[in-house]
Amino acid sequence: MATAKVPESQDVTRIERIGAHSHIRGLGLDDTLDARVVSQGMVGQLQARRAAGVILKMIQEGKIAGRALLIAGQPGTGKTAIAMGMAQALGTDTPFTMLSGSEIYSLEMSRTEALTQGFRRSIGVRIKEETEIIEGEVVEIQIDKPASGNGEKRGKLTLKTTEMETIYDLGTKMIEGLIKEKVQAGDVITIDKASGKISKLGRSFARARDYDAMGSSTKFVQCPEGELQKRKEVVHTVSLHEMDVINSRAQGFLALFAGDTGEIKQEIREQIDQKVSEWREEGKAEIVPGVLFIDEVHMLDVECYSFLNRALESPMAPILVFATNRGITRIRGTNYKGPHGMPIDLLDRLLIISTQPYSEKELAQILNIRCEEEDVEMTEDAKDLLTKIAVDASLRYAIHMITVSSLVCAKRKGTEVTVEDVKKVYGLFSDVKRSTQFMMEHQNEFMFSEITHSEPDAPAAAEGDAMTTD
Ligand SMILES: Nc1ncnc2c1ncn2[C@@H]1O[C@H](COP(=O)(O)OP(=O)(O)OP(=O)(O)O)[C@@H](O)[C@H]1O
Ligand SMILES: [Mg+2]
């Protein structure tokens, strides 16, 4: 049986592309979970943010499993933004996995495997380990250069605490470690006894006056007290998925970096679960339920929904957060319609948060924040115009215009975006409304303009069937 190993580094799989939401730093709630009008990059949408905050609290307390939340609302009303805010507020120690509904239709694995991996990425295991370390202030490092030039390096390291001082013999590996960390007399260091890894904690306060040419980044620490040798508890958080991948012989550790993990055998998962439950009983590990966020959830099909129904009932399930902008529409893989394109039985298990369209003032505030985020200077008039465009066309279109207008401004060697720049961009790029209008007027001049189906939403039965047979 494969024993579960623990990798040294955490979060290898958490690379998120959040350019459109990079201004969001949290949910912007106060201590009583009330939403501040503008905070942490978030504007308005108070009800939905407050509701998300309550869920967040439940997640942080870590005691519940298998709850699911649906954020529903029109396009551009901040559904994805709220989910990103939740991720930011949770911090790095709680796993947050983001999937888009369409991502699960990959060729390498079945849809249920993709969802299972998503589930297991979102459950963290916090493992406590005790290690022996040596911690002290460096008094002296003495390295003997071998006479021949390429023999083994030898040396001595003197370390002290406030109470004792000891001389250690050094081998080549330790000497290299000390050189790599640029350790010198006066530094406070720790040496992991098992791995020999050296880490520098900072410079001793006692040496603060020795050099006045030190950079402002130099950190000063107290000379350690007590014994040089100490036992220290270290905590790693890894996800169940990371443990699965590392322990599956076909994949190995490197698959985590390459990302092509393929399907993982059920036996491996069972072994990991068993190991983790042993660790939990021994008090060595605890489970950190995280969040699995599935955006554009209407892209899932009926097979996935029934999988989710079941999976939510497992005690190891993370908190699921879904988002969708669909109304009553066809449930993928069936000929039935459902609210948000989801089956009623799954919807019934969800808590639903709805997002509302923004007022003009809120749009102005969001655009203002985006200007700051993208480092664009803009005159008040231009901002007003942009807000009008956001009201008439869409918030997204207006947000996109910020960068483009600043390019136009730079082209004429201006420093501040003016109304003229915005107007120019408005003329260069059409928004959905104008584009649709144009299509309707000039339909006959485009290719394939005849519409054969009267209802665009009508299921292409053959496509639906093809999706459910593998
Ligand atoms: N309340 C808000 N505060 C700050 N920025 C917001 C807010 N709501 C939306 N935004 C920003 O507006 C843009 C559009 O919002 P978002 O992508 O979250 O919409 P959505 O509801 O997910 O739309 P869709 O249904 O099309 O996916 C994003 O750049 C987002 O960061
Ligand atoms: Mg979205």
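1. Buried, as used here, means under 20% relative accessible area, exposed means over 50%, and partly exposed lies in between (1.4 Å probe, protein chains only). In helix α8, Cys304, Tyr305, Leu308, Asn309 and Ala311 are buried. Helices (H or I, at least four residues) and strands (E, at least two) are DSSP runs, numbered from the N terminus. The cover over the buried residues of α8 includes α3 (111-121), β14 (319-324) and α9 (344-347). An α-helix has 3.6 residues a turn, so residues three or four places apart point the same way.

2. On provenance: this is a predicted model, in which local features need pLDDT of at least 70 and side-chain atom pairs count only at pLDDT 80 or more, while totals for chains, interfaces and linings use all residues. Residues are numbered from 1 along each chain as its sequence is written, chains are lettered from A and ligands numbered from 1 in the order in which they are written, and side-chain values use heavy atoms, with hydrogens and water left out.

3. Overall, the protein has 15 helices and 17 strands. Of its 470 residues, 43% are buried. A contact means heavy atoms within 4.5 Å; among contacts between residues at least 6 apart in sequence, 67% join residues at least 24 apart. The protein exposes about 26300 Å², and carbon and sulfur atoms supply 52% of that area. Accessible areas come from the Shrake-Rupley method with a 1.4 Å probe, and for residues only the protein chains shown count as cover.

4. Ligand 1 is surrounded by 21 residues, the closest being Val43, Lys79, Thr80, Tyr358 and Arg396. A residue belongs to this shell if one of its heavy atoms lies within 4 Å of the ligand. At least two shell residues come from each of β2 (42-43), α2 (79-90) and α12 (395-411).

5. Three N or O pairs to ligand 1 can be listed under the polar contact criterion (a pair of N or O atoms within 3.5 Å; within protein, one must be able to donate a hydrogen and the other to accept it, and residues adjacent in sequence count only if both atoms are side-chain atoms). A polar side-chain atom of Thr80 lies 2.7 Å from an oxygen atom of the ligand. A backbone N or O atom of Gly76 is 2.8 Å from a ligand oxygen, and a polar backbone atom of Ala81 is 2.9 Å from an oxygen of ligand 1. The protein covers 95% of the 620 Å² of accessible area that ligand 1 has on its own.

6. Which residues does His298 touch? Not counting residues up to four places away in sequence, His298 touches Tyr305, Thr324, Asn325, Arg326, Arg332 and His340. With Arg326 there is a side-chain polar contact of 3.4 Å. His298 lies in the loop between β13 (291-295) and α8 (302-311), and counts as buried because its relative accessibility is 7%.

7. Asp431 is in the loop between α13 (419-428) and α14 (432-442). It is buried, with a relative accessible area of 7%. The side chains of Asp431 and Arg434 form a polar contact of 2.6 Å, and the Asp431 side chain also reaches the backbone nitrogen of Lys433 at 3.2 Å. Leaving out residues up to four places away in sequence, Asp431 touches Ala393, Tyr397 and Tyr426. Asp431 and Ala393 are 38 residues apart in sequence, with 6.4 Å between their C-alpha atoms.

8. Glu113 is placed in helix α3. At 7% relative accessibility, Glu113 counts as buried. Setting aside residues up to four places away in sequence, Glu113 touches Gly262, Glu263, Ile264 and Arg269.
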